[in-house]
Amino acid sequence: MTIYMKLGGRPAMREAVERLLQRVRIDAGFSKAGQHLSQEMQDDLLEFLIFLSGGAPVYDGISVSRLLSPLCQTDEAYDLFVDHLATAMCVPERSPRLEVELRLMMEHIRVHVVDRHPAGIPGQESGAAVA
């Protein structure tokens, strides 16, 4: 059974994303970036999480990097985002196993979200490899 099904399908995912966005908006670490999420980005976040959790065969929204990088510019911010996501998604279940599965799912996409090349390092701005 997919994470999507364990969470309760699309209606449960929609409610969880609403809870997640409420948490992000009030968290001081995200308040500025969290306040500026367009409706399109919110919809893409829902669709991406549905896809990632096994509820849809494809995702054709904006890239996960463009979607989450404004909120998660550091590993610490990403960890905080995942904490909020786990809390929002696992409210009805409170299943430790489901939470671990959800966190592992999010760990797989970390490299696509968190910028690991700080600005100012020659050759790194465009993603070029350093010799």
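Which helix holds both phenylalanine 48 and phenylalanine 51, and how many residues apart are they? Both lie in helix H4, three residues apart, or about one turn of the helix. Keep in mind that this is a predicted model.

**The aromatic rings**
- The count of aromatic pairs comes to three.
- Take phenylalanine 48 and phenylalanine 51: their ring centres sit 6.4 Å apart and their planes meet at 45°, so this pair is tilted.
- Phenylalanine 48 has a relative accessible area of 6%, so it falls under the 20% cut-off and is buried.
- Phenylalanine 51 comes in at 31% relative accessibility, so it counts as partly exposed.
- Ring pairs also bring in Tyr59, linking Phe48, Phe51 and Tyr59 into a cluster.

**Helix H6**
- H6 runs over residues 75-89, which makes 15 residues.
- From first C-alpha to last, H6 reaches 21 Å, close to the 21 Å expected at 1.5 Å a residue.
- Its buried residues include Tyr78, Phe81, His84, Leu85 and Met89.
- The buried residues of H6 pack against helices H1, H2, H4, H5, H7 and H8.

**The nonpolar core**
- The largest nonpolar core has 40 residues, and Leu49, Phe81, Met89 and Met106 touch the most other members.
- H1, H2, H4, H5, H6 and H7 each supply at least two residues of this core.
- H6 gives the most to this core, with eight residues.
- Leaving aside residues up to four places away in sequence, leucine 49 touches Met13, Val17, Leu85, Met89 and Met106.

Definitions and conventions:
Residues numbered from 1 in each chain as written. Predicted model: local features only at pLDDT ≥ 70, side-chain atom pairs only at ≥ 80, totals over all residues. Heavy atoms only, no water. Helix = DSSP H or I, 4+ residues; strand = E, 2+ residues; numbered from the N terminus. Expected span 1.5 Å × (residues − 1). Buried < 20%, exposed > 50% of the residue type's maximum accessible area, 1.4 Å probe, protein only. Contact = heavy atoms within 4.5 Å. Core = buried A, V, L, I, M, F, W, Y, C linked by side-chain atoms within 4.5 Å. Phe/Tyr/Trp six-rings, centres within 6.5 Å; stacked < 30°, edge-to-face > 60°.
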